[in-house]
Amino acid sequence: MSLIVLLVVLVVFALYLVGLYNGLVGGRNAYKNAFAQIDVQLTRRYDLIPNLVETAKGYMKHERETLEAVIQARNSAISGLSAAKANPGDAAAMQQLAGADNALTQSLGRLFALSEAYPDLKANQNMMQLSEELTSTENKVAFARQAYNDAVMGYNNRVEMFPGSIVANMFAFQPAELLRIESEQKRDVPKVSFT
């Protein structure tokens with residue numbers, strides 16, 4: 001009788017370990033899927049940028065450096081996305097993507113600031129449509145990034161919390177890196193003046 005009880009306890013324990021392992025695999029797949037959604041939106045963003053630059057070129061002949069900086073930043077961001085796509089969750093890949101995307105956002109900001117000085121460009125229907133699509137895509141990127149970070153948090157909790165941490169260590173599950181893309185402007189303290 002005690003042998004049967006011992007076998008039942010061992011089977012239940014084995015099933016529990018299998019459940020923990022499967023939960024870790026499911027969490028890892030969830031954050032990889034969430035990153036795939038970021039990939040879709042960032043690819044869309046990167047595909048819109050050459051059209052935006054081409055539209056602006058005709059009006060902004062004297063702003064060639066800005067246009068070239070946008071294209072260079074886009075190419076760098078595509079490289080960052082490729083590295084991150086190869087290994088979603090890897091800290092170095094996520095930092096490379098975040099840095100490249102931040103540089104792209106800054107160069108796009110300069111492009112839009114310059115476009116304000118060109119009323120014909122600002123009123124151009126194609127430019128307005130591309131700007132609207134880019135803004136919409138930016139919102140989708142933000143939502144996809146939030147979903148990815150939520151999936152990474154769930155996975156990391158499973159990897160780091162007991163008893164999942166024991167199974168994670170046994171099978172070499174590593175914590176995943178969050179994707180943080182922030183502009184420096186968001187960190188600046190707003191200046192308030194009553195004069």
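Guide: Let's start with secondary structure: helices (H or I, at least four residues) and strands (E, at least two) are DSSP runs, numbered from the N terminus. Here the protein chain has seven helices and zero strands. Before we go on, this is a predicted model, where local features need pLDDT of at least 70, side-chain atom pairs count only at pLDDT 80 or more, and totals for chains, interfaces and linings use all residues. Residues are numbered from 1 along each chain as its sequence is written, and side-chain values use heavy atoms, leaving out hydrogens and water.

Visitor: What radius of gyration does the protein chain have?

Guide: That radius is taken over C-alpha atoms, and the globule rule is 2.2 Å times the number of residues to the power 0.38. For a compact globule of 195 residues you'd expect a value near 16 Å, but this chain has 24 Å. Its C-alpha atoms fill a box of roughly 90 × 45 × 25 Å along the principal axes.

Visitor: Is Ser 165 buried or exposed?

Guide: Buried means under 20% relative accessible area, exposed over 50%, and partly exposed in between (1.4 Å probe, protein chains only). Ser 165, in helix α6, counts as buried because its relative accessibility is 16%. Ser 136 lies in helix α5 and is partly exposed, because it comes in at 26%. Across the protein chain, buried residues make up 36% of the 195.

Visitor: Which residues touch the most other members of the largest nonpolar core?

Guide: A nonpolar core is a set of buried Ala, Val, Leu, Ile, Met, Phe, Trp, Tyr and Cys residues joined through side-chain atoms within 4.5 Å. In the largest one, with 46 residues, they are Phe 35, Tyr 46, Leu 97, Leu 108, Leu 111, Tyr 148 and Leu 179. Two or more residues each come from α1 (2-57), α2 (64-86), α3 (91-115), α5 (125-160) and α6, with α1 giving the largest share, 13 residues.

Visitor: What is Leu 111 in contact with, leaving aside its neighbours within four places in sequence?

Guide: Contact means heavy atoms within 4.5 Å. For Leu 111, the partners are Leu 52, Ala 56, Met 60, Thr 66, Leu 67 and Val 70.

Visitor: Where is Phe 171 found?

Guide: Look in the loop between α6 (164-170) and α7 (184-187). Phe 171 counts as partly exposed, because its relative accessibility is 45%.
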